[in-house]
Amino acid sequence: MASILIIDKDHRFAESVCDTLAAMGQVPSSAHTLRQGIARAGQGDYDLILLDVCLPDGNGLEAIEQLRGLDSEPQIIIIADQGDPDGAESALHSGAWCYLEKQAILEELSLTLSRVLQYRQTLRSQRATMKAVEREQLVGESPAFLQSLELLGKAAFSDANVLLSGESGTGKEAFARAVHANSRRKQANFVVVDCAALPEQLVESVLFGHVRGAFTGADRANRGLVRHADRGTLFLDEIGELPLAMQKSFLRVLQERCFCPVGSYEEQASDFRLIAATNCDLAAMTEQGLFREDLFHRLRGIHIQLPPLRERNQDIRLLSDYFLERLSRRYGQEKKEYLTDFIEHLSAYPWPGNVRELSHAIESSFVEAVHSPLLFTQHLPLYIRTAYARSRVEQGSPPCPQVDAGEGELPAWRDARSRFEEGYLHRLLAQTQGNISEAGRVSGLSRTRLYQLLKKYQLSLSTP
Amino acid sequence: MDILLYNSDHGELETRLKQNMPSIEALCSVEKCRELSWLMRCFREPGSLPEAIVLVARDREELQAFTNLASRLEQLFVILVLPDAGEETIALGHSLCPRFITYHDSDFQDVVAVLTRIAARKSREQPGSGGELEERL
């Protein structure tokens, strides 16, 4: 039984569709303007919305994304008086399920509806599976990150080759480990091969092993990492660095899961699952002849592109909390808190080194603030503070509160006082390290007044 | 590049390792450590860690002890020298996600070759810090 909303200007048409749906055992309701429809959709938990294009107060096509973004993530079927190819294309681009003409709706509705409901059921079980995925170090709630996590869920429950791409420090290895840890192979080895660290002369024997006497120094046989990954996962990090000659050999291994150790003609089998990672543009490398196209296509069973940290700015606070928690546990200290401007500084920085760089910055601040329960911006590495100062100047913000405008235009008394109060509170908190009694003593203000002011300027002693 | 070299073995392995030390020291600044307790303490105190670590596991018990450091080792380039090639030892070794694995009977030329490559990569990533290293070596 699905909950369905019909947004259509034609009352009689909407009523007739409602009757048909009710006869199918569904729960329909209707609205006749875009505004009314959006409001009702926001209040209900709809599985499906049938949306007219021409509504008295707007174009239904323009509301698709807004409606898709509701908590219930309803599917949208566009219903048009007359078919319009451009409208149909635009609807699908905006995320609509399909585009139907009204005259055909009663015939097509039943099949379309059952497909929609079947799809939603699959989606629900997939989400439930995702919730069960052990995320461990994978911290973040931004849409771009959640999209990557969704793919991780799919990858974990399949055995397809996975290609993880993204800038350095975006967490490719952590993702690879999570795929392994959530897969049926988790009891076996997760074997890391750092292709960038292996000298060309070592690659073959490291991957495929060798027999005794295969080359000078091979005093005994070695099974090689591909064999170590039998029943487990082989993680080829920086696969773009794999020498071309080796790419050819590896492609064969990938196709047949068989290989010959160096110095042997006897084939060995290994049932491994492959995860590869790169920060290179492998597509561009194939065009330049630097990477085999056939191997590239093989690797991309599931392709997870990890977003850079600058595109998931909202995760900076969550990540900072996670790193601080981890540091406190590691060093057996109380968790340190930080003030609002600490996160402001972190958010203004572009993070070319991504999550890894953030982790280092937080650790560096933690070490700087070894005796302080609070982290101040002064504890941050200088390059981050500098980037923040520059961004403020570039945005045209005054570098510090200026009460006296000098020769310029004099600010209103209320504005000048606010600027002074906010600046004063920042300095007070920094000087007293967030200690309210000390702040009261230094400022001569009562505890109540201090709390009022902190609230007014959205500052906090313990949390930003 | 800074590396930490942990080896508690005083036998023939140490001799082979020592033979390669000049090559390793030509590549990076090496801090040596022979006591597990010192290694543990070093990892439990706040502060910066070296960029790479060579961990020679004397036996499986010592390898097991390294697993207590797993969360910190994640942040480093780990070269692991395993005491044997038994399945359990290898499985324990991979639980540390090392970037390179070799064994006690290695002549350590493989370790030197890997360190040479990563030192060259580091120097390329940090202009002005000896970008000519790879050519020189």
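1. The model is a predicted one, and what follows should be read as comment on a prediction.

2. Ser94(A) has 17 other C-beta atoms within 10 Å, and is therefore partly exposed. Leaving aside residues up to four places away in sequence, Ser94(A) touches Leu61(A), Ile64(A) and Glu65(A).

3. Overall content of chain A: the secondary structure amounts to 19 helices and 16 strands. Buried residues are 33% of the 464 in the chain. Of the contacts in chain A with a separation of 6 or more, 68% are between residues 24 or more positions apart.

4. Strand β1 (residues 3-7) of chain A runs parallel to strand β2 (residues 27-31) of chain A, and five bridges join them. Within this pairing, Ile7(A) has Ala31(A) of β2(A) as its bridge partner.

5. Helix α6 (residues 143-156) of chain A is made of 14 residues. From first C-alpha to last, α6(A) spans 20 Å, close to the 20 Å expected at 1.5 Å a residue. Its buried residues are Phe145(A), Ser148(A), Leu152(A), Gly153(A), Ala155(A) and Ala156(A). These residues lie on the same side of α6(A), because the arc they cover around the axis is only 160°.

6. Glu238(A) has a phi near 55°, which is positive although the residue is not glycine. Glu238(A) sits in the loop between β10 (233-237) and α10 (244-256) of chain A. A residue is buried if 20 or more other C-beta atoms lie within 10 Å of its own; Glu238(A) has 20, and so counts as buried.

7. The other angle is in chain B. Phe108(B), again a residue other than glycine, has a positive phi of about 70°. Phe108(B) is placed in the loop between β5 (100-103) and α6 (109-125) of chain B. With 22 other C-beta atoms within 10 Å, Phe108(B) is buried.

8. Chain B has seven helices and five strands. Along the sequence these elements follow the pattern β-α-β-α-β-α-α-β-α-β-α-α. Of the 137 residues in chain B, 31% are buried. Among contacts in chain B between residues at least 6 apart in sequence, those joining residues at least 24 apart make up 65%.

9. Leu76(B) is in the loop between α4 (70-73) and β4 (77-82) of chain B. It counts as partly exposed because 19 C-beta neighbours lie inside 10 Å. Not counting residues up to four places away in sequence, Leu76(B) touches Leu49(B), Pro50(B), Glu51(B), Ala52(B) and Ile53(B). Leu76(B) and Pro98(B) are 22 residues apart along the chain, and their C-alpha atoms are separated by 8.9 Å.

10. Which residues form the interface between the chains? In the model, 19 residues of chain A are in contact with 19 residues of chain B. On the side of chain A that touches chain B, the elements giving two or more residues are β9 (190-194) and α15 (354-368) of chain A. β9(A) gives the most, with four residues. By type, the residues on this side of chain A are twelve nonpolar, three polar and four charged.

How values were computed
Residues are numbered from 1 along each chain as its sequence is written. Chains are lettered from A and ligands numbered from 1 in the order in which they are written. This is a predicted model: local features need pLDDT of at least 70, side-chain atom pairs count only at pLDDT 80 or more; totals for chains, interfaces and linings use all residues. A residue is buried if 20 or more other C-beta atoms lie within 10 Å of its own, exposed if 12 or fewer, and partly exposed in between; C-beta atoms are placed from the backbone. Two residues are in contact if their C-beta atoms, placed from the backbone, lie within 7 Å. Ala, Val, Leu, Ile, Met, Phe, Trp, Tyr, Cys and Pro count as nonpolar, Asp, Glu, Lys and Arg as charged, and the others, Gly among them, as polar. The expected span of a helix is 1.5 Å times one less than its number of residues. The arc is that of the directions from the helix axis to the C-beta atoms. Two strands pair if DSSP finds at least two bridges between them.
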